[in-house]
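This report looks at one helix and at the aromatic side chains of a protein chain. The model is predicted.

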Amino acid sequence: MSEFGKLKLALFNDKMGSILKVSRREKEYDETYPISVELSLTNKCNLNCVWCCDSTIRKKYNGDLDKEILDKLFDDLRKGGTKGITVEGGGEPTIHPDFELIIDGIKRRKMAVGLFSNGVNVDKVLKNIDKFEWIRISLDADSKETYKKYKGYDGFDIVMDNIKRLVAKKNKTVIGVGYVATRYNLGNIEDVIESLKGIGVDYFYIRPVEDNPRFISKNNLNWLKEYETDEFKIVINYADRIIKGNANLPCICHSLVTVISADGSVYICGRLHINPSHTPIGNLKKNSFHEIWNSKRRIEMSKKLFNRELTGKICPVCRITKFNEFANEILNTKTVNFI
């Protein structure tokens, strides 16, 4: 789908031009703001998924991001040209006590909002559903038993019913369901997909579990595309999520997105936080986003990610890899004046 593909970069000529100038050594670093920001409002969660890749973050800090800091951040991002903010975990974002005020704050700055939620409690989301450009509910279970065993809560029916409520209430908001495929939750996957299709969900997004080898399934899921229709898309994001080491390329597209955790830390990459050597480039409790984005620390980290030997060693599977592959094709084009 074009919503998840590398050709989406064609929508952002200025950003891509800046990235390519850095790659050609025409300037030191890409000062343009990220197109979108992945924002963790809280590290608190009402589930306990056994494969959760954010559990290590919660051990370090199990709190919320202050609304006052967020208001300053949103003003800064809007002024810098950021287009959208993904509200996500860390933990479950709807738990944040100021969730609705924060969503209002983003929209008031005329930036788009997307939401990742586990769907256990969607009352606040339903009240504000037209403010979201898209919402993706993480289901990750093919039955009541699987949900309870691996997510720590008897919530399968609750979440399925909440998905129905969201679809019934939506106007233009895109409603999708995310699914982390493991070796333990694929037995009744067809029944789940048929149910979601009947509910009226826009898409079903399935990807492999990451960072937890004992849960990895080697099943080829391409056959699930048989359930796709014009109104209901099946997105199988396996090819992008199994390539480690950034395909042995420098990460020149890391500035497309940045990640902000619930303790105020700003990361140049949201996947490298599992590496002890990858520390934040700054913290919003001490400096503004503009100061952090143009800081010596961020420039140094950016230069390190241009080293393909480094990225080849330390980069886990990452969705930015496909953008780096696309940029690499452009950089290696010789006959640039011809189609």
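## Helix α1

Helix α1 spans residues 13-23, and its buried residues are Lys15, Met16, Ser18, Ile19, Leu20, Val22 and Ser23. The cover over these buried residues includes α12, residues 321-331.

Just after α1 comes Arg25, with a positive phi of about 65 degrees.

## Aromatic pairs

A search of the whole structure gives eleven aromatic pairs. One of them is formed by Tyr150 and Tyr184, which are stacked, with 5.3 Å centre to centre and 15 degrees between the planes. Tyr150 belongs to helix α6 (residues 144-151), while Tyr184 sits in the loop between β5 (174-181) and α8 (189-199), so the pair ties together parts that are 34 residues apart in sequence.

Are the two tyrosines of this pair buried or partly exposed? Tyr150 has a relative accessibility of 12% and counts as buried, because buried means under 20%. Tyr184, at 35% relative accessibility, counts as partly exposed, because this value falls between the 20% and 50% limits.

## Aromatic cluster

Tyr150 and Tyr184 also belong to one aromatic cluster, together with Trp51 and Phe215.

## Arginines over rings

Which residue lies over the face of Tyr205? Arg136 does, at 4.0 Å from the ring centre. Another arginine, Arg298, lies over the face of Trp293, and here the distance from the ring centre is 3.7 Å.

Methods. Residues are numbered from 1 along each chain as its sequence is written. This is a predicted model: local features need pLDDT of at least 70, side-chain atom pairs count only at pLDDT 80 or more; totals for chains, interfaces and linings use all residues. Side-chain values use heavy atoms; hydrogens and water are left out. Buried means under 20% relative accessible area, exposed over 50%, partly exposed in between (1.4 Å probe, protein chains only). Helices (H or I, at least four residues) and strands (E, at least two) are DSSP runs, numbered from the N terminus. Contact means heavy atoms within 4.5 Å. Rings of Phe, Tyr and Trp (its six-membered ring) pair if their centres lie within 6.5 Å; planes under 30 degrees apart count as stacked, over 60 as edge-to-face and the rest as tilted. A charge sits over a ring if NZ of Lys or CZ of Arg is within 6 Å of the ring centre and within 35 degrees of the ring normal.
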